[in-house]
Structures are given as structure tokens and as C-alpha cells.
Amino acid sequence: MNVVVLAKWVPNPEGVPEMGDDFRLKREGQEGARDPGDEVGVEAALAVAESEGGEVTVISMGPESVATGGVRKALSMGAAKAVLVSDESLKGADVQVTAQVLAAAIKKAGFDLVIAGVESTDGSSGVLPQAVAELLGVPAASFTRKLELKDGKLHVERQTEVGYDVLECELPALVTVTAGANSPRYPTLKGIMQAKQKPLEQLSVSDLGLDAQAVKPTQDVTAINPAPEKSGGEVVEDDGEAHKRIADFLAEAKVI
């Protein structure tokens, strides 16, 4: 069982992000960590590999100077090897480009199951894993709170607003796991020392067989403006006609 888990280095999730003059998030030279949602994904991948047999490959994309630390932590938790895609041409990559690069890296590594977090704390698009699944041509089970393999098939509990749905699909497949799916293990001292000896393959865009046009961003940020402050809203005193104002408000909002 070849389990691939996606992990991303992000600027300090609890800090205030800093933007550059090019309207892009500063990553190099900034305090950061592996995305908290990806911690859950790594734990889920390790649990599958331990129960079914096989190994875990962690794949990441980002500047070498900062992203290496993130994949090393996954190795120290128990992943067998790592792949880091780092290329100057990927600076400012949008979701579509990132998905193309990660899908190419996953294909190169080989996989039976891909596990990812629901969304990153820096981009928060929530659509990257599904885009990767589409490019890989495999089913995607999102918002998974529990997963297991039975008779060669993937069985998951998909979190919903009112409970959960039970889904089943063939392998290979991609799964996104929710924050409460498990409790990530802590790296042991032995694991930390062993991580330094585990394979960490660094790839460029050309190593993946992608050309410059394939990794050219399809979106560009031209300006950033502060979000407007919330107003106090409208206070309506009920003189017996307040229901009419509520109805008018809902009509203006086009919800009735």
C-alpha cells in the first residue's frame, strides 16, 4: 500500500501574515510551521500504512529554505520518504498551478491512496485536493472523519452539518480528513534522528515533465485593500409594523 500525504509549510498559523510589495504572501525568512490540518493527514496516512502494510510518502511544494523543515517533521513522525517540489517559477502559484504540480509529483511517486487536509490556513481555498483528484482521475472523499480499508475498498464517514454519511469507493482514491479525525502523534527522539537519514527527493518543474506554460499562474493579485469595518446594523423598534420592515429587508437581500 503506497500512501501519499500532502503537507504544506505555512507562515505562523497563529500570527499575522505579512505581504510583500508584489501582493504575495511572504514565505521565506518568516516564522512558520507545517499546516495544522496536515498534521492530521500525516497521522491518518501512518495509521493506514501500519494497519494495511506499506509506506507513507509525504509530498510538499514550496521554497526549499523553509519547506524542508515541514517534510522533515513528517519523516520524524514515521513517513518513509519525502518529495519536495521547489522551483523559482512556482512563486505566486495559484490553486490550478499547485494542483498540476502536486498531481505530477504524486504520479511520479506512485500511489494507492492520497490523503490531505481539508484546506490550508494560508490560502483557505478548500478546493485544491479535489482539483488534484480530478487531475489524477480518481474519486475524492472529502471531509472525512474516519476512514478504513475493507476488501480492497475505501470506506469513510463523511462529516456533514447533521451527522455523517457513509461512503465507499474503489482505490486508488483521494481523501481529505477533518481536524477532529485523529490526534497526531508526537515525533520521538529516535524518529527525529532517523528522519535525517530518510530519503528526501527535491524536484524542479522540469523534473516533473512540466513546461513553463503549465506552471504559469492563471490569476494575478493587483491590489489589496483592508476589509471594511462591520457596521452596527439597523435597529428596528417594534411599533406593530416591524414585521413589514423585516420582510422588506429579506426582499432586498433577495432571500424571499
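Which residue in strand 10 is the bridge partner of G117? In this predicted model, the partner is V177.

Strand 6 is mostly covered, with 5 of its 5 residues buried. In a regular strand, side chains alternate between the two faces of the sheet. L113, I115 and G117 point one way from strand 6. V114 and A116 point the other way.

I115 also belongs to the largest nonpolar core, which holds 35 residues. The members that touch the most others are V56, V58, I115, L147, L154, V175 and V177. Helix 1 gives the most to this core, with 7 residues. Another core, of 27 residues, lies apart from it and includes L6, V97, A103 and L174. Beyond its neighbours within four places in sequence, I115 contacts V3, V4, V5, L6, G41, A44, A45, V175 and V177.

Helix 1, residues 36-52, packs on helix 2, residues 64-77, at an angle of about 35°. Their axes are 10 Å apart, and the crossing is right-handed. Helix 1 contributes E39, V42, E43 and L46 to the contact. Helix 2 contributes K73, A74 and M77. By class, the contact has 4 nonpolar and 3 charged residues, with no polar ones.

Methods: Residues are numbered from 1 along each chain as its sequence is written. This is a predicted model: local features need pLDDT of at least 70, side-chain atom pairs count only at pLDDT 80 or more; totals for chains, interfaces and linings use all residues. Side-chain values use heavy atoms; hydrogens and water are left out. Axes are lines fitted to C-alpha atoms, for helices over the stretch in contact, and angles run from 0 to 180 degrees between N-to-C directions. Helices (H or I, at least four residues) and strands (E, at least two) are DSSP runs, numbered from the N terminus. A crossing is left-handed if the near helix is turned anticlockwise from the far one by less than a right angle, and right-handed if clockwise. Contact means heavy atoms within 4.5 Å. Ala, Val, Leu, Ile, Met, Phe, Trp, Tyr, Cys and Pro count as nonpolar, Asp, Glu, Lys and Arg as charged, and the others, Gly among them, as polar. A nonpolar core is a set of buried Ala, Val, Leu, Ile, Met, Phe, Trp, Tyr and Cys residues joined through side-chain atoms within 4.5 Å. Buried means under 20% relative accessible area, exposed over 50%, partly exposed in between (1.4 Å probe, protein chains only). Two strands pair if DSSP finds at least two bridges between them.
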